Amino acid sequence: MQRDRPDVAGERPGADASLTDEQLLAVYQRMVLCRTLDERVWMLNRQGKAAIVASAQGHEAAQMGSVWALKRGTDLFYLYYRDLAVLVALGMTPTEIMLGFVAKEGEPLSGARQFPVHGVHADLGIVNLSNVVGTQIPQAVGSAMASRMRGEDAVTICYFGDGAASVGDCHEGMNFAAVHRLPIVFLCENNGYAISVPLSKQMAVDSVASRAEGYGMPGVVVDGTDVVAVYEATSEAAARARAGQGPTIVETMVERYLPHTSDDDDSRYRLREDIEEARKRDPVKILGQKLVSLGVLDSATDERFHSEGRRAVDEATELTDQAPYPGTDGFFDHVYAGGPPSP
Amino acid sequence: MKIELPHVGESVTEAIIGQWLKQVGDTVQKYDPLVEVVTDKVAMEVPSPATGTLSSILVQEGDTVPMGAVIAEMAVEGVEPVEATKPTPEISAAAPAVIDRTGVFLKDVAPVGPTGSGGPMPVSSAEDEGRSYSPAVLRLAQAHDVDLSAITGTGIGGRVTRKDVQSHIDGRGQGTAPQAPPSATDDEERIPLAPVRRMIAENMARSASTIPEAWMLVEVDVSSLTQLREEQVARFQQREGAKLTLLPFVIKAVAESLAENRMVNATWGGDSIVLKRKINIGVAIAAPQGLVVPVIHDADTMDVIALARAVNDLATRAHDGRLRVEDVQGGTFTINNTGALGSVAGKAIINHPQVAILNTEAAVKRPVVIDDAVAIRSIMNLCITFDHRVLDGAEAGAFVAGVKQRLEGARDWGLGR
Amino acid sequence: MTVLEAAREAMREEMRRDPSVFIMGEDIAARGGVFLATDGFLEEFGEERVIDTPLAESAIAGIALGAAMHGMRPIAEIEFADFIWPTFNQIVGEAARVRYGTDGVLGAPMVLRAPYGGGVRGGLFHSQSPEAYFAHTPGLKVVTPATPYDTKGLLKSAIRDDDPVVFLEHKRTYRLVRGEVPDGDYTIPIGKADVKMEGDDISVITYGLTLHLCLEAARNLEDEGLSVEALDLRTLLPLDKEAILATARKTGKVLIVHEDTMAGGIGGEVSAIIAEQAFDHLDAPIMRLGGPQVPAMPFSPPLEAMYMPNTDKIADAMRKLAEH
């Protein structure tokens, strides 16, 4: 399904590049779209139409700021289950994404075989193979190694959460990447919770990035609600990677506004007041206010972004609601490369 | 156009209407949430199927409504959207009427979600301790609004059978029409249950229905303690920036008496009594959102000053809504300061699963007889409610006597520093 | 009560009874478990015995093993059986070999518990059935109860057992199977199957969720005059060979049903036992019904339905076997 996608990251960023006002405005528009989509799929879950939803609300600046620092079509993106905003940033449409949530035919990442947001998008370089936590880290490292072996000018970025940082695979992957100076950026979205387990029970240090020195690579902590800060840190890390200087941990501190997934009840372990407090630093609002103060965004444009976003999401809801479920003819396809398995 | 309660999935057949988010006369956009409803899986919002004006609301908060029922109407401009065909709900296969050890595989219950058990669950009537109800019984009870916990069962092991429910319904008598679900009228106001209130209600009901309680009242002469407090209160205020009340003295006396009467610092374990090693005393506080019982952990290791500070801190945070989850967990005994409300005697409900709760009533000057002469003393009543499965009168009495003796006796409370 | 409540009650009673029992896993303490299996445990038993672990399955299994070798009886919860693979090294590679490798000096009295199975829109990574891999390992015990009564009795036995037990609970039965459970203490021996329905025409041997589907299919077929005997294996390692052979000899026609992949699943082992030791009693080839030859259960509803067993598929197989 080829469609005109607006350009995401035009120039290759150098270590001290930053986002132009025009790019910031484009990020904001994309964030508004993403937030609208996110709220809509949550509603679809409550209606029984989307069996499982993991929200990215609160994570948008961290996900989009980092995507903007990389080269769409060249670089490789290893995701985890919360990276809805990465998909939107890379240009997947609301319809394409929503097909995954309602598990209908034509779903582009896995043919609706997998949970939403999971699978592969070859053109956009997206890999999200499983929702087992942390397994993507060694996989991303292997990918980075392969792209160097093939002489590609590509950077691999590996997204993961604070919970994944405890998994043995994370240690093994980071260690290897540092030893071999691989072109990879480890982007941690630290929202302080692994389902219900808070950071204080997950690790004895204050940040995942503080472990970077232990592996022999640099690590940096940035405010995950600040698109520019995330962009700049990721750009610098990507530049190092491309220059053969090896991996970096970029840790973005974010807030998770909703429960872990639509199956979670976070009132069992989080106070409402803490979440309300966190919502005061909403990255979408922060970016909007910044653009207004820069004189780049007026209320008419803001209104237009919101209504266009809503319209696109409404259209996606209609289309995917009417779309058929996948047929079962292809049930046995792709177990092996050479055709169906013997019964 | 008519707005129906949408079919949510194969196994959900009805919902309870929650709060209406739009009112009659409001303009609504397509997909705007109209009303909150609660199914047996999770709370959800019903979105508007079109853009228009809400012209009538046909069901009220608290009504139980089957999927597909018309709940409201709206005026829509232009062409009516084509109604998509709705999936027919799965017809429950006739389930066997007997639940035995093999169990029954339920049809009209939603399974767990893909990655967890789902959002907050409304408590179903079948959660009564030790009772399980067959699908036939549940359906009949629901249709006739019968409270199953009130029925004595004649089945095996006291099981409530369908016949039991039917005779209960028949016996409700001539002239009593089946109870219609109450709807709000002009003289009533419905307040939806906030999650905290719902939790409090469940805990209270559980405690009251499972614990056989006994109650005892003891008078304590706190004259000298009151005098000590009055002497120290100004200094304490200046040094600690907080009020000094009788409560930290009581907590201290209670902690010491619990150490000597370990059976009171315990929980009912079914086939054993579980003694707790730590003494974590909860203090009941009326916070804005409802009753909350923050806990002072290891109260026996703290002196009166430290206890006073802890109480102040917890009370302040409770009122500000800043209590953390750790603050309300791990309690082994609860003190209920009903005296602050002016009460001189009262029976509190035990904070399940503890075995006792102590009311500290108001300290009031009364005429009492000492050595055959009348004197005026400050009397504070202590009222203990205790679990009679675990404690007898003697043990409860010994514990309270220990508290009384400490509060009445002359001792160094460690305030002069 | 439900299967979930029975599991919770078993653990609660054992933790009250024996202070060396403790539980560790992700989200089990403050949240009470993602399925609420340990709801209220933190409040009752405290955080030294109810431990929220970091996200590290290999460590959960390995740390539990270490504690088990040093006087404790840990229950290690793996949040979903789909995440059990990292524990392989510690459970299959190590725990199973402790007693054998120390000539009986040391044992590993631990329980590794996990919810397994599909039919809840779990997709590839919240639907898996791992039992066959563990059942292939002598030194381990593998238990898969189907009813609340069996769940409570067997979990208590597993906790009291001096050897490592992999205890798998089918998550679709958590809420959907409700049954009678006596109050108080009772145990069910590990390694004993249970005839859940007596019959004369055919035997169906199964475990887990499919027990209930088989019972329903059997009840439907009563109208067609078919008398089905249903044997619930309950334990997959060690298998109750006596019970398997008894029912095979009684009816001569055996259907083995499980949700897990058919090829390489438990059904193969049960078939071999029957073929070896009840050959002369067989009136029809042994039949198996199991998961299809695809790596995983897909997410979209028609695809999941194609994978999952249901009463129609089972009834068809029963009829075919009966007609043979």
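Reader: How many residues of chain C are in contact with chain B?

Author: This is a predicted model. In it, 34 residues of chain C are in contact with 28 residues of chain B.

Reader: Which elements of chain C supply at least two residues each to that side?

Author: There are helices and a strand to look for. The helices are α1 (3-17), α2 (41-45), α7 (148-160), α8 (173-176) and α9 (209-222) of chain C. The strand is β7 (177-178) of chain C.

Reader: What is the side of chain C that touches chain B made of, by class?

Author: Count by class. That side has 14 charged, twelve nonpolar and eight polar residues.

Reader: In what sense do β9 of chain B and β7(C) pair, parallel or antiparallel?

Author: Start with the general idea. Strands of a sheet pair through backbone hydrogen bonds, and the pairing is either parallel or antiparallel. Now the case here. Strand β9 (residues 104-105) of chain B pairs with β7(C) in the antiparallel sense, over two bridges. Look for B:Val104, which stands opposite C:Arg178.

Reader: Now chain A. In what order do the seven strands of its open sheet run?

Author: Read across the sheet: β2-β3-β1-β4-β5-β9-β8. The pairing is mixed. Neighbouring strands are turned by 15 degrees against each other on average, direction ignored.

Reader: Which sense does the pair β5 and β9 of chain A show, parallel or antiparallel?

Author: Parallel. Strand β5 (residues 184-190) and strand β9 (residues 248-253) of chain A share six bridges. A:Asn190 stands opposite A:Met253 in β9(A).

Reader: Which strands does helix α5 of chain A touch?

Author: Helix α5 (residues 136-149) of chain A packs on the sheet and touches β1 (76-78), β4 (156-161) and β5 of chain A. Its direction makes about 175 degrees with that of β4(A).

Reader: Why is α4(A) called largely enclosed?

Author: A residue is buried if 20 or more other C-beta atoms lie within 10 Å of its own. Eight of the nine residues of α4(A) are buried, so the rest of the structure largely encloses this helix. Among the buried ones are A:Ile97, A:Met98, A:Leu99 and A:Phe101. The cover includes α1 (21-46), α3 (84-89) and α12 (299-322) of chain A.

Reader: What follows α4(A), and what is its phi?

Author: A:Ala103 follows, with a positive phi near 60 degrees. Keep the general rule in mind. Most residues other than glycine have a negative phi, and most peptide bonds are trans.

Reader: Where does A:Val117 lie, and is it buried or exposed?

Author: A:Val117 has a positive phi of about 75 degrees, although it is not a glycine. It lies in the loop between α4 (94-102) and β2 of chain A. A:Val117 is buried, with 27 other C-beta atoms within 10 Å.

Reader: And where does B:Asp298 lie?

Author: B:Asp298 lies in the loop between β15 (295-296) and α6 (304-320) of chain B. Its phi is positive, about 55 degrees, and it is not a glycine. B:Asp298 counts as partly exposed, with 13 C-beta neighbours inside 10 Å.

Reader: Which residues does a cis peptide bond join in chain B?

Author: B:His352 and B:Pro353, with omega about 5 degrees. B:Pro353 lies in the loop between β16 (333-336) and β17 (356-370) of chain B.

Reader: Which residues does a cis peptide bond join in chain C?

Author: C:Leu237 and C:Pro238, with omega about 0 degrees. C:Pro238 lies in the loop between β11 (235-237) and α10 (241-251) of chain C.

Technical notes
Residues are numbered from 1 along each chain as its sequence is written. Chains are lettered from A and ligands numbered from 1 in the order in which they are written. This is a predicted model: local features need pLDDT of at least 70, side-chain atom pairs count only at pLDDT 80 or more; totals for chains, interfaces and linings use all residues. Two strands pair if DSSP finds at least two bridges between them. Helices (H or I, at least four residues) and strands (E, at least two) are DSSP runs, numbered from the N terminus. Axes are lines fitted to C-alpha atoms, for helices over the stretch in contact, and angles run from 0 to 180 degrees between N-to-C directions. Two residues are in contact if their C-beta atoms, placed from the backbone, lie within 7 Å. Ala, Val, Leu, Ile, Met, Phe, Trp, Tyr, Cys and Pro count as nonpolar, Asp, Glu, Lys and Arg as charged, and the others, Gly among them, as polar. A residue is buried if 20 or more other C-beta atoms lie within 10 Å of its own, exposed if 12 or fewer, and partly exposed in between; C-beta atoms are placed from the backbone.
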